[in-house]
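Here is a short tour for anyone who likes to look at a fold before computing on it. Please open the structure and follow along.

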Amino acid sequence: MRDPLVLSDADTIIRRPHFRRTGDRLFFLVSSRATRYLSEAECALWDALDRPRPLAELASSFTAAEAIVADWHRAQRIR
C-alpha cells in the first residue's frame with residue numbers, strides 16, 4: 001500500500017496536457033472514451049488549472065480542492 005500523498009500549500013499544481021475536457025467528461029489524448037466523468041466542482045477546478053497554480057490558491061477558491069488534487073495526482077492527471 002502506498003503512503004498517502006502529502007502536499008503543502010506551496011506546491012504548484014499543473015494539469016497534464018494529455019487530457020482534454022469536453023463537458024463533464026475527461027479524455028486522454030484523442031480517445032473517444034472518457035477516462036472520467038467530472039462533477040461540477042471538478043470541472044471548475046480543472047478549468048482553473050489553465051495555468052499552474054499553488055495548492056493554497058486552489059484551496060482558497062475551491063472547497064474540495066485538496067481531496068480532488070490528491071485523487072487526480074494518484075490517477076496521474078496532474079503533477
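Is W46 buried or exposed? With a relative accessible area of 2%, W46 is buried, since the cut-off for that label is under 20%. Keep this residue in view, as the report returns to it below. Please bear in mind that this is a predicted model.

## Overall fold

The protein holds 5 strands and 3 helices. Read from the N terminus, the order of the elements is β-β-β-β-α-β-α-α. Its radius of gyration is 12 Å, close to the 12 Å from the globule rule for 79 residues, so the protein is as compact as a globular protein of that length. The C-alpha trace spans about 35 × 30 × 20 Å along the principal axes.

Taking contacts between residues at least 6 apart in sequence, 53% of them join residues at least 24 apart.

## Surface and charge

Of the 79 residues, 28% count as buried. The protein exposes about 5300 Å², and carbon and sulfur atoms supply 51% of that area. As for charge, there are 13 positive and 11 negative ones, and their mean positions lie 9 Å apart.

## Aromatic pairs

Now back to the rings. A pair of aromatic rings is described by the distance of the centres and the angle of the planes. The count here comes to 3 aromatic pairs. One of them joins F19 and W46 edge-to-face, at 6.5 Å centre to centre with 85° between the planes. This pair links distant parts of the chain, with F19 in strand 2 (residues 19–22) and W46 in helix 1, 27 residues apart. F19 is buried too, with a relative accessible area of 13%.

W46 also pairs with W72: the ring centres are 5.3 Å apart and the planes stand at 80°, so this pair is edge-to-face.

Just after helix 3, Q76 takes a positive phi of about 60°.

How values were computed. Residues are numbered from 1 along each chain as its sequence is written. This is a predicted model: local features need pLDDT of at least 70, side-chain atom pairs count only at pLDDT 80 or more; totals for chains, interfaces and linings use all residues. Side-chain values use heavy atoms; hydrogens and water are left out. Helices (H or I, at least four residues) and strands (E, at least two) are DSSP runs, numbered from the N terminus. The radius of gyration is taken over C-alpha atoms; the globule rule is 2.2 Å times the number of residues to the power 0.38. Buried means under 20% relative accessible area, exposed over 50%, partly exposed in between (1.4 Å probe, protein chains only). Contact means heavy atoms within 4.5 Å. Accessible areas come from the Shrake-Rupley method with a 1.4 Å probe; for residues, only the protein chains shown count as cover. Lys and Arg count as positive and Asp and Glu as negative; His and the chain ends are not counted. The place of a charge is taken as NZ of Lys, CZ of Arg, CG of Asp or CD of Glu. Rings of Phe, Tyr and Trp (its six-membered ring) pair if their centres lie within 6.5 Å; planes under 30 degrees apart count as stacked, over 60 as edge-to-face and the rest as tilted.
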